[in-house]
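User: I'm new to this one and would like a walk through it. Can you help me get my bearings?

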Amino acid sequence: MEILNSKIFGENLSQTPLLVFHGLFGMLDNWGSFGKDMGEFLPVHLIDLRNHGRSFHSENMSHDDLAEDILRYIEYYRITKAHILGHSLGGKAVMQFAIKFPEKVESLIVVDISPKAYPPHHQGIIKALETVDFNTVSSRNDVEAVLSQYIPEKSTIQFLTKNLYWDDHKNLNWRFNLKTLSEKYNEFVSNAIKFGVFDGPALFIAGAKSNYILPQDHFVIRQQFPKADFVIIKNAGHWVQAENPVDFANFVKEFLHIN
């Protein structure tokens with residue numbers, strides 16, 4: 001039984017812990033500053049999803065698989081109940097988990113994603129990642145040069161290259177499992193989460209410059225999360241917590257009643 005890799009802040013505190021899950025092609029390190037800040041007030045677990053970061057690789061990648069991973073993690077750390085926060089793909093994982101295992105969830109925070117199916121929209125990024133030939137590149141700059149032929153946004157390239165590492169054979173490689181993420185992409189992006197209801201407190205955070213949560217999605221969200229509140233973070237796109245970290249952290253603290 002494999003347990004997701006994590007980094008824990010404030011583990012000696014006795015409050016209900018907060019579990020944080022990153023998005024597609026991300027890893028727990030993306031949430032380091034937030035984890036450190038929140039770890040002053042309650043235990044915070046920053047967690048790598050399967051096929052990401054230092055967590056295990058698998059050929060399976062459905063929302064149910066991700067929800068089961070969270071359950072195993074919670075049981076392994078003997079957590080009775082947790083606040084769970086997920087961004088993008090991590091948001092789909094925590095929504096599915098809250099619906100399947102509501103008794104384990106104190107409250108739910110979903111960042112810039114809704115439960116609906118999304119049309120495939122990462123093909124350009126996947127194509128770029130697959131074009132990198134690790135037999136011929138020997139530095140981060142080489143990889144950035146390949147990616148920049150396909151991806152115009154420098155910030156996206158920097159986000160992706162955080163996943164580079166030197167493997168046991170002294171070759172550069174991706175930490176994420178690109179093969180499964182590419183093959184199973186439709187399973188976790190182009191599928192809605194399964195229908196069910198989580199009746200506990202829920203906060204949906206959207207970036208003002210993002211179109212992942214639209215006003216017309218609120219009705220659908222409330223069918224599954226009837227107690228959902230919605231906030232919009234100004235001056236932020238899809239990577240809300242990175243683009244406006246102060247407002248983001250303040251909304252989370254307010255929701256969790258942290259002063």
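Predicted model: local features only at pLDDT ≥ 70, side-chain atom pairs only at ≥ 80, totals over all residues.

User: Which residues have the most contacts inside the largest nonpolar core?

Analyst: The largest nonpolar core has 64 residues, and those with the most contacts inside it are F25, L108, L147, W174 and F225. Helix α3, residues 89-100, gives this core its largest share, namely seven residues.

User: Switching topic, which residues of helix α6 are buried?

Analyst: In helix α6, which spans residues 154-161, the buried residues are T156, I157, F159, L160 and T161, and what covers them includes α4, α5, β6 and β7.

User: OK, salt bridges: how many does the structure hold?

Analyst: The structure holds 10 salt bridges. One of them pairs D64 with K194, with the closest N and O atoms 2.2 Å apart; D64 sits in helix α2 and K194 in the loop between α8 and β8, 130 residues apart.

User: Is K194 exposed or partly exposed?

Analyst: K194 is partly exposed, its relative accessible area being 49%.

User: What does E68 pair with?

Analyst: E68 forms a salt bridge with K100, the closest N and O atoms being 3.0 Å apart. Because E68 lies in helix α2 and K100 in helix α3, the pair ties together parts that are 32 residues apart in sequence.

User: Which residues end up in one network?

Analyst: Salt bridges that share partners join D64, E68, K100 and K194 into one network.

Conventions
Residues numbered from 1 in each chain as written. Heavy atoms only, no water. Core = buried A, V, L, I, M, F, W, Y, C linked by side-chain atoms within 4.5 Å. Buried < 20%, exposed > 50% of the residue type's maximum accessible area, 1.4 Å probe, protein only. Helix = DSSP H or I, 4+ residues; strand = E, 2+ residues; numbered from the N terminus. Contact = heavy atoms within 4.5 Å. Salt bridge = Lys/Arg side-chain N within 4 Å of Asp/Glu carboxyl O.
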